[in-house]
Amino acid sequence: MFDLIIIGAGPAGMTAGIYAARAKLETLVIAGEFGGWIARENVEIENYPGFEKVSGKELIGRFKSHLESFGVRTKMAEVFELKKGDGIFEVSAGEEKFSAKALIVATGASPRPAGIPGEKDFLGKGVCYCATCDGPLFAKKDVAVIGGGNAAFDAARFLAKFAGKIYVLEKGKEVSADAAGREALEQTGKARIIANARITKIGGDNFVKNVAYYDAGDPEKKEIILPVAGIFVKAGNSPAAEFLGSLVDLDEKGQIKVDPGTNRTKTEGLFAAGDVTDAKYKQIVIAAGQGAAAALSADAYLRRL
Ligand SMILES: Cc1cc2nc3c(=O)[nH]c(=O)nc-3n(C[C@H](O)[C@H](O)[C@H](O)COP(=O)(O)OP(=O)(O)OC[C@H]3O[C@@H](n4cnc5c(N)ncnc54)[C@H](O)[C@@H]3O)c2cc1C
């Protein structure tokens, strides 16, 4: 039996592991893979303190060797079920079961691709999912934002600080962003909202050069090509929280509701951290901070048992 099991080995899970090890908790980190999106894709990070510019792979590698330097046990496996009985958590991963007195869920969330031809090919070459992360790379360049919800408008407004023109492409007849978001974007004077847009492909050579669409109301489906250097896809996120059943409360986006500050969930001894939670901002430094908070809360909980 472990004191603590941490599910997930992104910035949140690995930071939680480092804090747990320093608190001398018998800890197991279980993860499908180390890192997640940022370790897998061609991501350059310019906003993690202490590193002016670092690849996602290298940063995750450093988190991992820091975690391993404390001798924390790790297991590569997908967790598919979590149960709690008699105050003990039972985790089913692959063919095995593990038990612990406390548990931290740090399973992250994946940006939902829009499924546009060219989207995968140009990932990291102009196709981005995070305006806060990659927006500054598009100074004075024209960009497109795909989506018409609040997240898309927030992204477009952030991009207006750097970019030239911003096209917001929404497939519905109307955007769903709220009035305040629409007004704030309009005030930048840089954005053009295009509703009813059916995007057909993202084009370019080594990097994105354009995005093509047609108007859904046009019977001829005449293709219109917008020259842009960047495409920001804001089609929502999929938090990895399905396997938790009724042990947690989820918000309308499927994110785990946590108590801000302690990262407690509704179940005693169960904590959550990082992008899988309902924290407003999704960033590496924030996920790491939440991982630290969750581990400190788990340690305090275990000391009270
Ligand atoms: C393309 C892209 C670029 C980004 N660029 C930046 C940037 O420049 N700067 C920045 O601050 N942020 C950036 N972000 C955001 C940042 O990556 C996240 O905020 C951060 O990684 C969240 O960390 P996390 O630990 O919560 O989750 P993740 O990093 O997503 O890690 C989740 C972990 O959980 C594991 N897992 C999931 N489900 C299970 C399961 N059922 N069983 C076992 N393990 C499981 C995964 O294998 C992984 O180890 C970017 C995101 C994307 C998508």
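A residue counts as near a molecule or strand if its C-beta atom, placed from the backbone, lies within 6 Å of it. Among the 37 residues around the ligand, G8, G10, G36, G108 and G274 come nearest. The structure is a predicted model, in which local features need pLDDT of at least 70 and side-chain atom pairs count only at pLDDT 80 or more, while totals for chains, interfaces and linings use all residues. Residues are numbered from 1 along each chain as its sequence is written.

The chain is divided into domain 1 (2–111 + 237–304) and domain 2 (127–233), with bounds that come from an automatic or database domain assignment. The C-alpha centres of the two domains lie 33 Å apart, and the shell around the ligand draws at least three residues from each of them. This shell holds 22 nonpolar, ten polar and five charged residues; here Ala, Val, Leu, Ile, Met, Phe, Trp, Tyr, Cys and Pro count as nonpolar, Asp, Glu, Lys and Arg as charged, and the others, Gly among them, as polar. At least two shell residues come from each of β1, α1, β2 (27–34), α2 (37–40) and α7, where helices (H or I, at least four residues) and strands (E, at least two) are DSSP runs numbered from the N terminus. Strand β2 gives the most, with five residues.

A welcome place to look inside β2 is V29. This residue is buried, having 27 other C-beta atoms within 10 Å; the term buried asks for 20 or more such atoms within 10 Å, exposed for 12 or fewer, and partly exposed lies in between, with C-beta atoms placed from the backbone. Beyond its neighbours within four places in sequence, V29 is in contact (C-beta atoms, placed from the backbone, within 7 Å) with I6, A9, G13, G17, V72 and T74. Of these, G17 is twelve residues away in sequence and 7.0 Å away in space, C-alpha to C-alpha.

Helix α7 (residues 284–304) has 21 residues and should span 30 Å at 1.5 Å a residue, which agrees with its end C-alpha atoms being 30 Å apart. The expected span is 1.5 Å times one less than the number of residues. Its buried residues, including I284, Q290 and S297, pack against β1 (2–9), α1 (11–22), β3 (44–45), β8 (96–105) and β19 (270–272).

Two bridges join β10 to β17 (residues 230–233), and V127 has I231 as its bridge partner in β17.

Key. Pairing = 2+ DSSP bridges. Contact = placed C-beta atoms within 7 Å.
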